[in-house]
Each structure stands twice: as structure tokens, then as C-alpha cells.
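Morning, everyone. Please look at the sequence and the model on the screen.

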Amino acid sequence: MANKTSNISHLNMNAMNVFLASVERRAFRMALLATREPADAFDIVQDAMFKLVKTYQQHTQAEWPALFQRVLQNRIMDWHRHKKRSEQWFAPFKYRKHDDDDDNDTLDAMSLIVDEREQNPAVLLELAKDMDVVLKAVEGLPIRQQQAFLLRVWEGFDVATTALAMNCSEGSVKTHFYRATQSIKAALAEEVLCDQLTKN
């Protein structure tokens, strides 16, 4: 029995290593966009991987993507909270709370009137001629909008899975994602306008 259990554990660890290798680069880019600090982004990803292995290795492989993202996003949020506390301590009068800091469903009623076509992540990327423009726009988003956009677009998560990863309600995910798409569309529209002016 001990050998059988050991073999199952070994196979599971091999599968976990394959999974982590498949998500490492995207996770690092996601953390880098959120922190703009390569060393901190690396630490966040390593911590998230360690916790996944330590805490969730025995879960099914189908559960790993959402669980990993939940751990990763929690670590990213911890990093931002720590940074904000430092900013408040050293520059209390310059600190301004972002409207995306809270996940209260009363943020606004936008999620109730969002056009479902706006909730298709693929549509947004089809409009982008240059992914660098999209990434630059994503980097400038408030953290919760950034998380919602990257989880929906890069990871391909549905609203429910994104809500699980972000530890918030589905309504909040829709609101954050809507705001993110509007900001990115504005950046893409500006890119198109600049191209037209250049040609003229």
C-alpha cells in the first residue's frame, strides 16, 4: 500500500511540475504588469507555486489552474496592500484610494447593464494590431481591473472561475472587466487615430 501511495504521489508531482512549467511565463508576466518590479514579480510567482504544491497538490489537475490563479492573485493583492501601507506611512497626504480597491457590488450598477458583446475577451484582441499597445494599457489599469482582464483574456477563465480566483463576486468581475475593456478600447482607438494621422 505504501509503494502504491508513493507511486501516485510521484505521478501527481510530475503532473504538477508540468503544469507549473506551462503557467510560469504567463504568471510572471502577469505579476510583472501588476508590480513593475521584476524581482518582486519573480518572488510572487515562486511563492504562489510553492503554496500550490504544498496546499493543493492532492486536488484534481482540473482544479489547479483556478487554484493557482487564486493564490497568485492573492499574493499580488498582498504586494499592493503592503505598498499602499508604505505609501500612506511616508506620504499620507498624497495617497488617494482607487475606486477599484473594494469589491463591493454597490460600486455601481454597470454590471447590470453591460452589453454581453463587451464580455467577449477575444473581440478586444482581434482589434489590436500591436499587442504592445494592449499590454501598455493593461499595465496602467487599476489592479482589480487588470486582474479581471488578464484572467478572462490570457487565462480564458469564465466569469465564475475569475470570481473564484479574485475572491470576489461575479458582479464585481463583470464591472472590473467592463471598465478594463473600455480603457483598452480607448487606447486602441487612439492607436488607430495616430496611424491615420501618420498616413495623412
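Predicted model: local features only at pLDDT ≥ 70, side-chain atom pairs only at ≥ 80, totals over all residues.

Residues are numbered from 1 along each chain as its sequence is written, and side-chain values use heavy atoms, with hydrogens and water left out.

The protein chain has 9 helices and 0 strands. Helices (H or I, at least four residues) and strands (E, at least two) are DSSP runs, numbered from the N terminus. Of the 200 residues, 38% are buried. Buried means under 20% relative accessible area, exposed over 50%, partly exposed in between (1.4 Å probe, protein chains only).

Now helix H2, residues 38-56. It has 19 residues and reaches 26 Å from first C-alpha to last. That is close to the expected 27 Å, which is 1.5 Å times one less than the number of residues.

Which residues of H2 are buried? They are Ala41, Ile44, Val45, Ala48, Met49 and Leu52. Down the axis of H2, they fall within an arc of 130°, so they line one face of the helix. The arc is taken over directions from the helix axis to the C-beta atoms. An α-helix has 3.6 residues a turn, so residues three or four places apart point the same way. On the face of H2 turned away from the buried side sit exposed Ala39, Phe50 and Lys54.

Last, His80, in helix H3, residues 64-90. Is His80 buried or exposed? His80 counts as buried, at 16% relative accessibility. Leaving aside neighbours within four places in sequence, His80 is in contact (heavy atoms within 4.5 Å) with Ala34 and Ile143.
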